[in-house]
Amino acid sequence: MSKTYEYVPEPALVKGNYDFKDITAMITDINLRPTPKGWYIAFGFANLLLLVLLGSIAYLFWEGIGIWGLNSPAGWGWAIVNFVWWVGIGHAGTLISAILFLFRQGWRTAINRFAEAMTIFAVMCAGIFPAIHVGRVWVIYWVFPIPNSMTMWPNFNSPLLWDVFAVSTYFTVSFLFWYVGLVPDFATIRDRIKSKMGKLIYGTFALGWRGSNRHWWNYEKSYMILAGLATPLVLSVHTIVSFDFAVSIIPGWHTTIFPPYFVAGAVFSGFAMVLSLMIIVRKMYGLEDIMTVDHIEKMNIIILVTGSMVGFAYAMEFFIAWYSGVEYEKAIFILRATGPYAWAYWIMITCNVASPQFFWSKKLRRSVGFTFFISIVVNIGMWFERFVIAVSSLSTDYLPSSWGYYSPTFWDISTYIGTFGLFFTFFLLFLRFLPMVAVAELKGVLPQADPHNYDEKGEYVPPVVEIPEPYNKPSKNV
Amino acid sequence: MKTSDSDNKLYGILAEFRNPKELIDAAKLINEKGYRHYDTFSPFPIHGMDKAMSLAKSKLGWIVAGHGLIGLTGAFYMIYYMMVIDYPLNISGKTLMNLPAWIPIIFELTVLLSAFGAVFGMFYLNGLPKLNHPLFNSEHFKKATDDGFFVCIESEDPQFEQEKVLKLFKDAGATNIESIFDE
Amino acid sequence: MSDQSNQTTYWKSLNELAQNKEYKNFVEREFPEDATELSDQVSRRSFLRVMGASIALAGFASCRKPVQKILPFSRQPEELVLGEPLFYATSMPFQDSVTGLLVTNVDGRPNKIEGNDAHPASTGRTNIFQQASILGLYDPDRSRSPLQNGEKVSKNDFAQFASDHFADRNRNVLFIDEATSSPTYHRLKEELLAQFPNAEWVTYEPFSDQNVIEGTQIAFGQRLRTVNHYDNADLVVALDDDFMSPQAHNNSVENSVKLTAKRKVESTDDSMSRIYAIENAFTSTGSYADHRLRLKSSEIEPFTYALAAKLSESVDGLAAFSGVSNAFSSHRWIDILASELLANQGSSTVSAGFDHSPTLHAAVAAINYALGNAGNSVTYHSLPYRADRNEQQAFFDAITELKAGVFDTLVMVGTNVAFTAPSDLDLVQALANVETKIHLSDYVDETSRVSDWHVNRAHYIETWGDGLSFTGERSVIQPQIQPLFDGLSEIEFLSTLLNGEISSGHELVQATWSNFLGSDMNRAWETVLHDGVDAESGFDAVNVALTSGFASEIAPSLSSEALNGIEISIKPDERIYDGRFANNSWLMELPAPMTKITWDNVALMSPATAERIGIDPERSFKDNSVPMVRITAGDTSLEIAAWVEPGHADDSITLTVGYGRNNLGRVADGVGVDTYPLRTSQELFFRAASVEPTGNTYEIACVQDHHSLEGRDMIRTATLEEYKENPDFASYKSIHGYEVPGIKEAEAEGDDRGPISLFNENYGPEYQPQWGMTIDLNSCFGCGVCTIACQAENNIPVIGKREVGRRRIMHWIRTDRYYAGDVDNPTAYHQPVPCMHCELAPCEQVCPVAATTHSEDGMNQMTYNRCIGTRYCANNCPFKVRRFNFFNYTKEYLTTGDDPEIIQMAMNPEVTVRFRGVMEKCTYCVQRVQRAKINSKIATGSKRPEDGAVITACQQACPANAISFGDLTDRNSAVSRNKQNDRNYVMLEEINVRPRTSYLARLSNKNPELA
Amino acid sequence: MAQIFPKWTNEAPRRILFGSIIFLNAIVFAVWYFFSPEFTDVGYMPEQPVPYSHQVHAGQLGMDCQYCHTQVTESKHANIPATQTCMNCHNQILTDSENLTLVRESWESGQPIEWVRVHMLPDFAYFNHSAHVSVGVGCESCHGRIDRMEVVHQAEPMSMGWCLDCHREPEKHVRPVSEITTMGYSVDNQLELGRELVAKHNINAPTYCQSCHH
């Protein structure tokens, strides 16, 4: 008997048949048409939250770190948790635009612009916390190697200093990467916008781009190299962030598994965040044909993978704690699961390890609503992961005499909430004024863009997917 | 909007084509004819255009490598000077030359410098920013960032002769041909 | 030593004091000038002010150049070298005994108190009250002028009034005073009594050794001072006697010094005395004892009689008890104690707590006598001033007369009777019957407020005086500074009443001492001033014998039984005694030795009792609230926070007094609950009571939330026998069964400093000393004086109850207390934890700005002015000894209130005052180290001071000599020798941070029968 | 006309680039110079209540520094002399000069004279005069040519870097202890002599934090 195989062609990157002009219009018209009311409402709300952030920070500078719930032993609390959380989220963008680019994942073009923007704003939110959590913020510049009359230099052995360099480098490079991608699209808008002011502004940012293929030639090279640089960078950043913990000697922090585990977690939360935003945006701006369900499914698969990696890391931590034979290690992990912070620990497990497992089902993977829900859950879970790591280890470490419980104050919470204000303020500005999909790149992946899809008369011939003959084993019977 | 004011220097002749295929063919043709000062314009990079125009390999790689090297050595010497030469301090009883701890920052600075090289090097090679360009005088040329595919042969090309060029474009099947003046 | 009278005239007034550049400096220190309020409430503070902050913050860099003034002396006293400390001997009076002190005086400003080594009783050690008294001197809440009916008047107005009022020598005057041992005071007292035929003079102390003295009266027919010589005692039986704690025994310092000395173990050949503690609450002494039995206070008496009865079978002199048979006669401890005591006749001490009855003390005296301890390990001394009557009883009688309106004038010297007198006397009521009430006191307190005249008393550090130590050595009290608030000392006060004019304390004292010193007064006087004590003097020992009437006198009490049901036991407080130190913030914030509670008094009870009255013995790890209980005794009743103390006797609740004050001062007001109302003249110390939970809760600021060791090896102990068998018991190997990982490899490479590490360590150059410290856990009994001494030496701020409650305590040396064993009757271990000064300090490598690094002499140095406050170092400290200035604590502490510069005067000019947002921690008293090194450098050209030249504040204060500090490269230094001791170990050896501070394991001398 | 930008804008980027490079360098220099104690502190010359002239006393009269600053060898402070010290001479000389009115008042009333402090170290920096003079750090090294100052001013930056210059290379600065109060001291073989002195007093000037900050 013979078996037939079904051949599943790669789904089209853009649904429906649009030509170049349609694509240009579909995306840039969002920026060109007058601002919708809904945008103003959202923007107003974001600004309120931003005020909360500014207020909280001002009060913090006025009073001192004491307004937070920190104590001895827990010298780090929400501030650092938020920092790690935001930085983690900030990994999706560059990962999508760089790594997926190197792996020639065409489908990234629909979401990379927008993921990179998300990255940049997330890193901005993250960057706030290390800066404001210090006791004497007015001398924070001492962390930079600036010549001074004290002839003192920063301490290059300190993971915190590594952070300073890693995060600022990551921000700069991501920003450049993003901007380079934007230049041709700035040019597109420059050439379509009517208002003189608009022309001036977009024109300036377009740097006089005119689509010359001599330029494209260097441009692609540059883009490739940037992707090549950003790939190790994106992995290094969360690795270094994890060093803040891994390099210390506190039980539960002093772990070699942290770098891969943190990076996986970062990708995990980052993709979740991209999904949450994308699902809203594609609906709002009717981009379902560009950010298709296939995209969502692909991303859900990554979430499932990274989620399971994180889950594996949790298990491995326990194993190593036991295997190391260090009583303090053993104690801290048992305390995490059963001690004063057990509640946080189990929230973490549920959200990070259990919830992604639903994505084994293709139906759920492709369900937009369910994906949205899970993406939120995952981000909550990842926040708690950082909380559990940072706080529980500190509050019950070596000397039982100095064990102590940490709980946040109003100001811890308001500062955190406030950062969403910052994030969405920038994100809304981005949606309003910049093309949220890389127009030029998208055109590049249309079938019309490929010279081979034309006959010699220069007429467009849509490519046909040839379905290979299923291989039938010759039957033995005579 | 062709003006024939004699004081107006001719920059080149611009021709529009319907699609990437025709643009590539045109480019090939022009290249074969031995023109050098010409360029093609499209809203997105077109596969095979580099061969068609026989563009030389980009020098960007070298620029980036150079910057990267500066980042690497610069970072190392900065840290070495600060931690070992200028103000050696006993920190956690560690040796002053605590290289493993310096690796992260050395790495980051290498990447940072390389990235600068990649971006600004590219702009430099492309002679950008150049906000004002004769081509922008053409209303048509707007399409270059939307769905237009253009070729422009510049007047400074030694072989440049208006009639020849016009003929060549017509044969290549250009939809729209215009002369670009440099004001 | 110079003539004091000119030494005290450096300063004319407080203002001039504050002008001195040293104090100026404190005001100029780099504070962020705003950030004042310690509050994270969303308070009424306007948004505008918040905005103001960021503007002001911008200005920080620039606001660094105030014009500073330098004010040199007009005439410079020759012995004063600016900036160099001078040390003057004096002594601190406490009830009827004084302790010798040495006061550090920088530029004419006393700012640190240490013990006077020349003083035979304390041998240079101190207790928390003495250490903290320097802050008492600079307490801005002290009364600043005499008051007539609440109106400020001048000192001379009072003198005027006195001369008029006391012109009539036939007045019926009642004098009530505090116990004092000052010869000058008593000379004046005699003169007054001679001048005023109708005067009555009584002394009242809410807590005193009166009953001990009455005990000797019953036993030996005379009122004597009982002195236990723990240095001669191989066996110590403490019957509810916390003799190592200052609040429970005037002579605690001497007791601790001698007892711990007797238990020092340097090698396996050494021996230890054995301590049995039978007690109600879990006390420091109890935690230090080898065996401890929980009995409620009222059970102690029958227990003792049972013990005496048992002993009477074997020794003569206890016949009186032979008939006794009660609940305890068959108690297994009776036999054990009896046999132990018989085995140690002549070399044991039996003692009972001050709050037990005279007859019990008589029994104790009889036991000591019968065992032949009297004259050897226990001596009895004739006691001047107190020999002729029971002062307490006299006081009660006087109050009855007072009610009857016998007296027209009432003079109260120092005492605060309105607050401390038993409730049934209702003294305030009684005072109404007196026309004129005069009160001398430090604060405008409860008594001052019901008096017509209040006179502000001068602090002992600013006045002339004298006194006798517990064992009678005559000491002089000499002023270190002009009275800040121009107050009167007791003797000046009395002489004013006597002569109607204010005469100088200096003359009064000299007049008295001329009798003691006789011919060649001046030379002798100089010597006394220099030494601070007349070492020849002392109470005469008395040979005692039981009175014939002893049996009959004691018989009635022998049948006494324990109270049924729950009883309360009311004790002086560990920190503020009877309330006299209530406004001393250092003491208020000192964690109580056993409970680790600050800023409150609580009702202590055992877990079992808690459960019985319906309270969950488990305290939440997550918040500070504890249940409250209502305690009703007789017709008084009050609500107070309940605290479960493992090891407390069941059916018994311990309360402490002195709290619940109003309008006394910024520290004392509103803290805790006033428990004095529960005392009656009949039942002063313990009585039956009923207790029930009220359902309310109360926030308690306790500095230790977890009390179990979790089986970890921070504390290492063994019995003496175990130690002799295995001297190495404290080593990592003996405890874990294997070497510290990496130690063999290190030894293979010939490195004996610890486990092998990846890199070659950076070690200090050989011309530098390498500092280290050892703490002998076998001596530490958790009194906490190291913490206060450190606070005084290092300008450590007080942060208040709420901040402590948030676990932000600032103390650089804390004493961890762990419970082990049976929850009802656990063993308690004390472990002082300062910075360990790790050689491979984990805190250093994580600081991004190199604010904490390693010094050449091997200290982990904290550079405040480089710190940006990331708190990473504190996180990475395995011992959690780093302290962070979450708010501008110092500014709050130093510059609030009406006269901030007063408290600033208590600050040590050698130590930077830390500002908001920086980390701080124990520095091994680096300022002392630097001074010693500089002196040594100038003198000898070497940077290595000889052993003992550097004594840290904690080391100096410790009455147990538990702490030693010195140069580790000098193999013969005290600290090196300790490090070579078998019992020496470091915490967390396996993480290879190589602490410079190590511990000597604790030993216990168990009785095999009980072990 | 579709041009958005005039021709000159093509030149703008280069101009902006070079402009900003120059500007940034200027900024750096400005901060480096104007914010350093070198600029802010050196030359601080407050007016003193009494017009006391070091030039006259230390310079012309050639009085030794230690005549007035008696405790410099034994204390961390080089004490400002008590009024008494002034009066030692001035109860004979210039007894009625009105420059000295304040001094005489102070002498009679016993109230101190309020001199204005010139050399101000921050309070977290611990400096001990005796430790330095006893190993041959001259007054001049930190206070400059006092003998030429009519009114005393700060001669050296007194910044941490400045301290370290000497602590790192003491041999370049130390002098024989007998010469500490000498003004304008200089020898040709400073390095050679310096090394001898360093060896003689076995000077190991500390550069770890705690030796000055505690």
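Which residue forms a salt bridge with D:Arg145, and how far apart are the closest N and O atoms? Notes below, starting with that pair.

1. The partner is D:Asp147, and the closest N and O atoms are 2.9 Å apart. (A salt bridge here is a side-chain nitrogen of Lys or Arg within 4 Å of a carboxyl oxygen of Asp or Glu.) D:Arg145 is partly exposed at 24% relative accessibility, while D:Asp147 comes out buried at 13%. Buried means under 20% relative accessible area, exposed over 50%, and partly exposed in between, using a 1.4 Å probe and protein chains only.

2. Some housekeeping: this is a predicted model, with pLDDT of at least 70 needed for local features and 80 or more for side-chain atom pairs, while totals for chains, interfaces and linings use all residues. Residues are numbered from 1 along each chain as its sequence is written, chains are lettered from A and ligands numbered from 1 in the order in which they are written, and side-chain values use heavy atoms, leaving out hydrogens and water.

3. Over all chains, a search of the whole structure turns up 77 salt bridges. One of them pairs A:Glu297 with A:Arg365, at 3.2 Å between the closest N and O atoms. A:Glu297 sits in helix H10 (residues 293-324) of chain A and A:Arg365 in helix H13 (residues 362-365), so the pair ties together parts 68 residues apart in sequence. (Helices, H or I with at least four residues, and strands, E with at least two, are DSSP runs numbered from the N terminus.) Both A:Glu297 and A:Arg365 are buried.

4. Chain C has a pair to look at too: C:Glu839 and C:Arg996 form a salt bridge, with 2.8 Å between the closest N and O atoms. They are 157 residues apart, each in a loop, and both are buried.

5. Where chains A and D meet, 10 residues of chain A are in contact (heavy atoms within 4.5 Å) with eight residues of chain D. There are zero salt bridges between chain A and chain D. Helix H7 (residues 196-206) of chain A gives the largest share of chain A's side, five residues.
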